[in-house]
Amino acid sequence: MTVDVDQLVSRDAAVPTPRLEPMLDLEWSQAIELPRFALPATRPAELRQAWVHRAPEDAVLGLYRRTSGADDALPAPWWLRAVASGRLESRELGFRIEDRVAQLLGKRMGWEFVPWAADGESGYWEFMPSERGKSGHSIPTTVLNTDRHDGWIDVLPAHSARAPEPVAVAGLAGLRSRLGEFEAVR
């Protein structure tokens, strides 16, 4: 079989060349994805293995801003949303807040760190005695970091049915001062 090269070239010239663009959503999901070899974490610092935790902060912010656009539902760590909005100074400060919560709750009886939070998030803490105790709640009191307010800590009270509104806590000092109240539900 003989192929006329001139005929192929002229025919191919009429076919538009495909335009390839980066797939930001895929790039972002890879940026927040933990490595497959990640071990089970017992505190937030042990989860900081994804690209968003290790890459230069300005590169992380740039990719986040390009990817999120007007999408408030983009999975991302609480601290990244807070840094991107200009309300938190840096990723390092976000890490410090998480670590201080871990230092406080990790020493107290009944608190357990739950590493499997939503995509990109940093895990949360549950007060296990509040689950299935005298109160009968099926979901324990939960402490999680948030960008919802500048105290950066929310407490979701123990409950059984529909989740109640989270309680905004005024930072680590506010959490420390209210722990007795939160731990009273058993």
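1. The lining of the largest cavity is made up of Pro44, Glu98, Val101, Ala102, Phe113, Ser122, Gly123, Tyr124, Trp125, Val143, Leu144 and Asn145. Please keep in mind that this is a predicted model.

2. Which elements contribute at least two residues each to that lining? They are helix H6 (91-106), strand E2 (124-127) and strand E3 (141-145).

3. By class, the lining of the largest cavity holds 8 nonpolar residues, 3 polar ones and 1 charged one.

4. On volume, the largest cavity comes to about 50 Å³. With a threshold of 30 Å³ or more, the count is 1 cavity.

5. Moving on to helix packing, have a look at helix H2 (residues 24-32) and helix H4 (residues 57-68), whose axes come within 10 Å and cross at roughly 140°. Angles over 145 degrees would count as roughly antiparallel, so H2 and H4 are classed as oblique to each other. The crossing of H2 past H4 is left-handed.

6. Which residues meet where these helices touch? From H2 come Leu24, Asp25, Glu27, Trp28 and Ala31, and from H4 come Val60, Leu63, Tyr64, Arg66 and Thr67. Sorted by class, this contact of H2 with H4 comprises 6 nonpolar, 1 polar and 3 charged residues.

Conventions:
Residues are numbered from 1 along each chain as its sequence is written. This is a predicted model: local features need pLDDT of at least 70, side-chain atom pairs count only at pLDDT 80 or more; totals for chains, interfaces and linings use all residues. Side-chain values use heavy atoms; hydrogens and water are left out. On a 1 Å grid over the protein atoms alone, a cavity is a set of points where a 1.4 Å probe fits but cannot get out, and a pocket is an open set with protein on both sides within 12 Å along at least five of seven lines; lining residues have an atom within 4 Å of a point. Grid points are joined across faces, edges and corners, and a volume is the space filled by probe spheres set on the points. Helices (H or I, at least four residues) and strands (E, at least two) are DSSP runs, numbered from the N terminus. Ala, Val, Leu, Ile, Met, Phe, Trp, Tyr, Cys and Pro count as nonpolar, Asp, Glu, Lys and Arg as charged, and the others, Gly among them, as polar. Axes are lines fitted to C-alpha atoms, for helices over the stretch in contact, and angles run from 0 to 180 degrees between N-to-C directions. Angles under 35 degrees count as roughly parallel, over 145 as roughly antiparallel, 65 to 115 as roughly perpendicular and the rest as oblique. A crossing is left-handed if the near helix is turned anticlockwise from the far one by less than a right angle, and right-handed if clockwise. Contact means heavy atoms within 4.5 Å.
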